[in-house]
Amino acid sequence: MVYMFLGTGFEETEAIAPLDLLRRAGVEVKTVGLNGPVITGSHGIKVTADMLIEDLDISDAQMVILPGGLGGVASIRACEKAMKAVRAAWEQGKYCAAICAGPTVLSDLGITEGRKATCYPGCESGMGNAVMVNAAAVQDGKLITGTSAGCAVPFGLALIEALKGREEADRIANQIVIR
């Protein structure tokens, strides 16, 4: 199971594009509402979460995903259960993925320490001792980070590659006719 955390103010493209791509690849993904069942993104788009953070059991997770958006990132940081779940996922050897400002949350938890990562330009000061890489998406072991809304598709494809292999990521890229 893959869990994507949605807090008020999340960046819609950074959530929906990877979510769609993962589901096209047959990955079971549940969106987790941190501020109730209907979460409003940074551009006013409302999304009904599949479940609430109160009902989350991270033990069956393969991966947790944190979209960016400054409000969404603030919502994640303010949610003790979400922060504990991300830390537990990492400690249990699960994939932790984040895009845009989301990687700064992983940095807060020490997950990016000494690892290759990327984030939204201007958020680097929140990345601690991560080894910053200028790329759309970066994988370093079980850590996957993406740069921005404009990189949401490459980030989603990197998530698929990590979970289902390069061949499946290429199949989905061809299916959506990415150029």
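Helices (H or I, at least four residues) and strands (E, at least two) are DSSP runs, numbered from the N terminus. This is a predicted model, in which local features need pLDDT of at least 70 and side-chain atom pairs count only at pLDDT 80 or more, while totals for chains, interfaces and linings use all residues. Residues are numbered from 1 along each chain as its sequence is written, and side-chain values use heavy atoms, with hydrogens and water left out.

Select C100 to begin. You will find C100 in the loop between β7 and α4 (103–108). C100 is not a glycine, yet its phi is positive, about 70°. Is C100 buried or exposed? With a relative accessibility of 10%, C100 counts as buried; here buried means under 20% relative accessible area, exposed over 50%, and partly exposed in between (1.4 Å probe, protein chains only).

Setting aside residues up to four places away in sequence, T147 touches I99, C100, T118, C119, Y120, P121, A135 and A136; contact means heavy atoms within 4.5 Å. Show the side chains of T147 and T118, which make a polar contact at 3.0 Å. A polar contact is a pair of N or O atoms within 3.5 Å; within protein, one must be able to donate a hydrogen and the other to accept it, and residues adjacent in sequence count only if both atoms are side-chain atoms.

**Stop two: D140**

Next, select D140 in strand β10 (residues 137–140). Beyond residues up to four places away in sequence, D140 touches R115 and K116. Show the backbone of K116 as well: its nitrogen lies 2.8 Å from a polar atom of the D140 side chain.

**Stop three: helix α1**

Select residues 12–24, which form helix α1.

Look at the start of α1, where a side-chain oxygen of E11 comes within 3.3 Å of the backbone nitrogen of T13. After α1 comes G26, with a positive phi near 80°.

Which residues of α1 are buried? They are E12, E14, A15, A17, P18, L19, L21 and L22. Colour them, then show what they pack against: β1 (2–6), β2 (29–33), β6 (63–66), β7 (95–99), α5 and α6.

**Stop four: S75**

Move to S75 in helix α2 (residues 70–78). S75 is buried, with a relative accessible area of 11%. Apart from neighbours within four places in sequence, S75 is in contact with G7, T8, L34 and N35. For a distance check, pick the C-alpha atoms of S75 and A101: these residues are 26 apart along the chain, and the atoms are separated by 12 Å.

**Stop five: α5 against α6**

Two packed helices are described by the angle between their axes and the distance between the axes. Select α5 (residues 152–164) together with α6: their axes come within 7 Å and cross at roughly 145°. Axes are lines fitted to C-alpha atoms, for helices over the stretch in contact, and angles run from 0 to 180 degrees between N-to-C directions.

Which residues meet where α5 and α6 touch? From α5 come L157, I160, E161 and K164, and from α6 come R166, E168, A169, I172 and A173. By class, this contact has 5 nonpolar, no polar and 4 charged residues. Ala, Val, Leu, Ile, Met, Phe, Trp, Tyr, Cys and Pro count as nonpolar, Asp, Glu, Lys and Arg as charged, and the others, Gly among them, as polar.

While you are in α5, pick A162. A162 is buried, at 17% relative accessible area, and touches Y95, Q139 and I144, not counting residues up to four places away in sequence.

**Last stop: after α6**

Finally, select V177 in the segment after α6. V177 is partly exposed, at 48% relative accessibility, and has a positive phi near 55° although V177 is not a glycine. R179, found in the segment after α6 (166–175), is exposed, with a relative accessible area of 90%.

Definitions and conventions: The expected span of a helix is 1.5 Å times one less than its number of residues.
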